[in-house]
Structures are given as C-alpha cells and as structure tokens.
Amino acid sequence: MAARTTGSSRAELIADTALALLAERGMRGLTHRAVDELAGLPQGSTSNHARTRQALLEAAVQRQAEREARVLTPDEMPVGTGGRGAPVDALALALHRYLTGHPELLVSRYELALEATRRPELRAYYDETGRRFREPLVAMMTAAGSAAPERHALSLVAWCEGLMFSCAAGSYHDAVPSLDALRLGFAELLRGMLGTPDGPDGPDGP
C-alpha cells in the first residue's frame, strides 16, 4: 500500500501512487485498477478522479513536478551578484539531495518523459511543467553575467540531466558523486561558460 502523507488529499494519494507504480513496474504497470489496489482505495476511485489514461498521466506529471520542486527548490536559486559561490553551492546541494534521497522520482521522471515522446498531448503538458525549472536558471545565469543566459541554462539542464540519468539508470548507478564532487563540477561548468574572473582561480574559488 502506498504511504499516505499526513494531510494529503485523495488526489495527491492517487498521483503519488501512480508515480510509485511507474518507478516499480514501468508504464505498463500503471493502470487505474493498480493505483486503487496499491493505494488501498475502493475500486473505481482512481477512475472517478482521472477518467482517462491521459488524465492519470497528467496528474502524475503535475505531481512529479511538485515533488521535484520540493527537492530541487528552483525558486530558491540565488540571483544576486555576490559571485559564483552561491549558485555553485545551491546547485550542488539541490542535485545531491535529489540523487541521494529520491531515486524513485528519477525513475518515474524518465518513464513520463519517454511516454511524452509518444503522446503529443502529454508532451505539451510535460513541457509546460518544465518551465518552472528552466526560468530560475535563466535568471540565475543572467545575474551571473552570462552573455547567453538561455543557452547557458540549457547547458546546465543538460549537464544535470545527464548526471541524473547516469546515476539513476546508467553505469554510475552505484557511484553517486559526493557533494564536494558536484560543487567542483558546477564550478568548472560555470567557469567554462562565464570565464575566469581576476586571475587563475578568481575571487569566488575554483
């Protein structure tokens, strides 16, 4: 039975259970009946909430985004001008928290992303939820002095996505980088995109 979080609504329970099924059984294992059974709900409860498979998938995508936002905290990305140390620390902490504490969310993320490539109507919904993560990165890169914040934000997303896939389903699934290693990686990435200020290491560290 899926764990019911304190104060969670039936809609949240259904969406959380859908994500759990995706992580455990894959897309073929996600059915209305399976959600009812795993969540401990009366048969037909999930169908009453999300009558079609598309509606159930949309609920899962929305819940995925909500839970990822709690882990990655995109709205808390620093956008000040106090150097690169704060963005490096924030990005490294968020990614390390995701990689080490929420592996099941990574798996459900990829199940939904692949399904979106086959369902144009889900793709539009999936892309819309993704904007909440891209826009804070663009703002952060703009504040950091990027000459091409959109392109540099894409590079950050691509680097993070590649690392997450490698650690969730790729050859590094048993070798998650340490927090210090992630800090170093982000520092190198930002230095490559923004240049090195004031000397070989700059005032903000490596």
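**Close-up views of a predicted helical model**

**View 1. Helix H1 packs against helix H6 (residues 103-116) at an angle of about 85°.** The two axes lie 8 Å apart. H1 and H6 are therefore roughly perpendicular to each other, since angles of 65 to 115 degrees count as such. This is a predicted model. From H1, the contact uses Leu19, Leu22 and Ala23. From H6, Glu104, Leu105, Val107, Ser108, Glu111 and Leu112 take part. By class, the residues of this contact are six nonpolar, one polar and two charged.

**View 2. Gly26 sits in the loop between H1 and H2.** Gly26 has 10% relative accessibility and so counts as buried. Beyond residues up to four places away in sequence, Gly26 touches Leu21 and Glu111. The C-alpha atoms of Gly26 and Val107 are 8.7 Å apart. Along the chain, 81 residues separate the pair.

**View 3. Met27 lies in the loop that runs between helix H1 (10-25) and helix H2 (32-39).** Its relative accessibility is 12%, so Met27 counts as buried; the cut-off for buried is under 20%. Setting aside residues up to four places away in sequence, Met27 touches Leu22, Arg53, Leu57, Glu111, Leu112 and Glu115. Among these partners, Leu22 belongs to the H1 side of the contact between H1 and H6. Glu111 and Leu112 belong to the H6 side. The C-alpha atoms of Met27 and Ser108 are separated by 9.0 Å. Those two residues are 81 residues apart along the chain.

**View 4. Gln64 is a buried residue of helix H4.** Gln64 counts as buried because its relative accessibility is 5%. Leaving aside neighbours within four places in sequence, Gln64 is in contact with Leu19, Tyr98, Leu105, Ser108, Arg109 and Leu112. Of these, Leu19 also takes part in the contact between H1 and H6, on the H1 side. Tyr98 is one of the buried residues of H5.

**View 5. Helix H2 is mostly covered.** Six of its eight residues are buried. They are His32, Ala34, Val35, Asp36, Leu38 and Ala39. The cover includes H1, helix H3 (45-49) and H4. Just after H2, Gly40 takes a positive phi of about 75°.

**View 6. The largest nonpolar core holds 55 residues.** Leu30, Leu95, Leu99, Leu112, Leu156 and Phe186 touch the most other members. Elements giving two or more residues to this core are H1, H2, helix H4 (53-72), helix H5 (85-101), H6, helix H7 (120-143), helix H8 (149-168) and helix H9 (179-194). H5 supplies the largest share, eight residues.

**View 7. Helix H5 has buried residues that include Leu95 and Leu99.** The 17 residues of H5 should span 24 Å at 1.5 Å a residue. The end C-alpha atoms of H5 are 24 Å apart, which agrees.

**View 8. Leu99 touches Leu106, Leu163, Met164, Cys167, Val176, Pro177 and Leu182.** That list does not count residues up to four places away in sequence. Leu99 is one of the residues that touch the most other members of the largest nonpolar core.

Terms used:
Residues numbered from 1 in each chain as written. Predicted model: local features only at pLDDT ≥ 70, side-chain atom pairs only at ≥ 80, totals over all residues. Heavy atoms only, no water. Helix = DSSP H or I, 4+ residues; strand = E, 2+ residues; numbered from the N terminus. Buried < 20%, exposed > 50% of the residue type's maximum accessible area, 1.4 Å probe, protein only. Contact = heavy atoms within 4.5 Å. Axes fitted to C-alpha atoms, helices over the stretch in contact; angles between N-to-C directions. Parallel < 35°, antiparallel > 145°, perpendicular 65-115°, else oblique. Nonpolar A, V, L, I, M, F, W, Y, C, P; charged D, E, K, R; others polar. Core = buried A, V, L, I, M, F, W, Y, C linked by side-chain atoms within 4.5 Å. Expected span 1.5 Å × (residues − 1).
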